[in-house]
Amino acid sequence: MFDRIAALGKAVLDTVAGAGAALIMLVRALIGRPNLRKSWPLLMQQMYSLGVLSLLIIIISGLFIGMVLGLQGFTILVDFGAEQSLGQMVALSLLRELGPVVTALLFAGRAGSALTAEIGLMKATEQLSSLEMMAVDPLRRVISPRFWAGFYSMPILATIFSAVGIYGGYLVGVQWLGVDDGAFWSVMQSSVEWQEDILNGLIKSIVFAFVVTWIALYKGYNCTPTSVGISRATTSTVVTASLAVLGLDFVLTALMFG
Amino acid sequence: MESRNTHLAVGLFVIFGILAMLFLGLRAANTSAVTTGETYKIYAKFDNIGGLKERSPIKVGGVVIGRVSAISLDGAYYEPLVEMTISKQYSEFSDTSSVSILTSGLLGEQYIGLNPGFIDDTVEMLGDGDYIYDTKSALVLEDLIGQFLFGQGND
């Protein structure tokens, strides 16, 4: 009986300590005088591997999700003779929900897992310790550029996702199923608002970018430096980041549109 | 050289992102600036506003001239008071104008239809903060059905 209570207490303490360690890691990586000349090439390198290399999967999934939305929406809306509202449906669901959320999930799978594995392996092969031996702060040199790269890349990716998805909906709705071209765009334009929809979607993707990159970096930095440890940390990154994104999405939606 | 290619790819990535943002902003979003220019406010009291919301359009003959900017209950009789923000471009409405709450289509959104009134020497033009007194409330389906049933019973 007492063992169980003790186990519960240990679990709570571990969770709290983990959150604290993650926060300390982030603060130490980000606070301090930035050295633009040194950190710019590092940032570019990470923007390339996190952002540019994720572009293909984002564009393809955006296109297909937009096309599926167009197809599903059309079959429902045509029953009410309201297929001209297809543009509104596709644009709003992409801008408000699917764009930020699906991008964050894909980003966690495609880039977050890679980040964790990379940093975990650096730790296992004692590259991080060697950096410290050379008086280079691994937090500033390794963690910080990766964090900023993820933080900047994901809102851009989410914007591209939504734009491509709307085009996919247009392809299916207008080009294939014959919804009126002008009505598709004008109904969309009369219902999509800059602040309400586009800006809120952007805020969502910025929050997700922060959380997903942070989780990925912390799991890698904090992993047990063995092959099993790295594998666990990578799995845990994808699971935790996805759950965090979905949970936060509910909270943000309730705050923004509730 | 390798670093230059990286920079090029990242630059293209960022430009691509900005283009996507422009596409969303200009093509998908509402850019017709009806209420972003100079505006003035007119008020109207209704018995029942039905499903009217803030940001519902105000139309004259189907053309959007402004939007509902606030809805509140007014005074001792708790009448719904609607604040309408109308573009300065359309400032020549007389105080004999009337407003009614209409529905676009059978199941559509509700909006305010403004019927411009006649103009002669004795009427004044509506300015900022004026009230329109000639108002028609929203059609509430339940009331209509009730009236219909009541009418049937009398026959």
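A residue counts as buried here if 20 or more other C-beta atoms lie within 10 Å of its own. Keep that cut-off in mind for strand β4 of chain B, residues 79-87. The model is predicted.

Start with that strand. Side chains along β4(B) alternate between two faces. P80(B), V82(B), M84(B) and I86(B) point to one face, and these are buried.

Now look at the partners of β4(B). Strand β1 of chain B covers residues 39-45 and runs antiparallel to β4(B). Seven bridges join the two. One pair to find is I42(B) with its bridge partner M84(B).

β3(B) and β4(B) form a hairpin with four residues between the strands. In that hairpin, G75(B) takes a positive phi near 65 degrees.

The chain is divided into domain 1, residues 1-31, and domain 2, residues 39-140. The centres of the two domains, taken over C-alpha atoms, are 43 Å apart. R4(B) counts as exposed because it has 8 C-beta neighbours inside 10 Å, and the cut-off for exposed is 12 or fewer. Trace from R4(B) to Y90(B): the two are 86 residues apart in sequence. In space, their C-alpha atoms are 55 Å apart.

Next comes the contact with chain A. There, 23 residues of chain A are in contact with 18 residues of chain B. On the chain A side, the elements that give two or more residues are α2 (36-50), α6 (138-176), α7 (181-191) and α8 (194-221). The largest share, six residues, comes from α6(A). By type, this side of chain A divides into 16 nonpolar residues, six polar and one charged.

Finally, consider confidence. Chain B has a mean pLDDT of 83, and 90% of its residues reach 70 or more. For the complex, the predictor gives an ipTM of 0.80 and a pTM of 0.76. Where pLDDT is low, predicted coordinates should not be read in detail.

Methods:
Residues numbered from 1 in each chain as written. Chains lettered and ligands numbered in written order. Predicted model: local features only at pLDDT ≥ 70, side-chain atom pairs only at ≥ 80, totals over all residues. Domains from an automatic or database assignment. Pairing = 2+ DSSP bridges. pLDDT = per-residue confidence, 0-100. Contact = placed C-beta atoms within 7 Å. Nonpolar A, V, L, I, M, F, W, Y, C, P; charged D, E, K, R; others polar.
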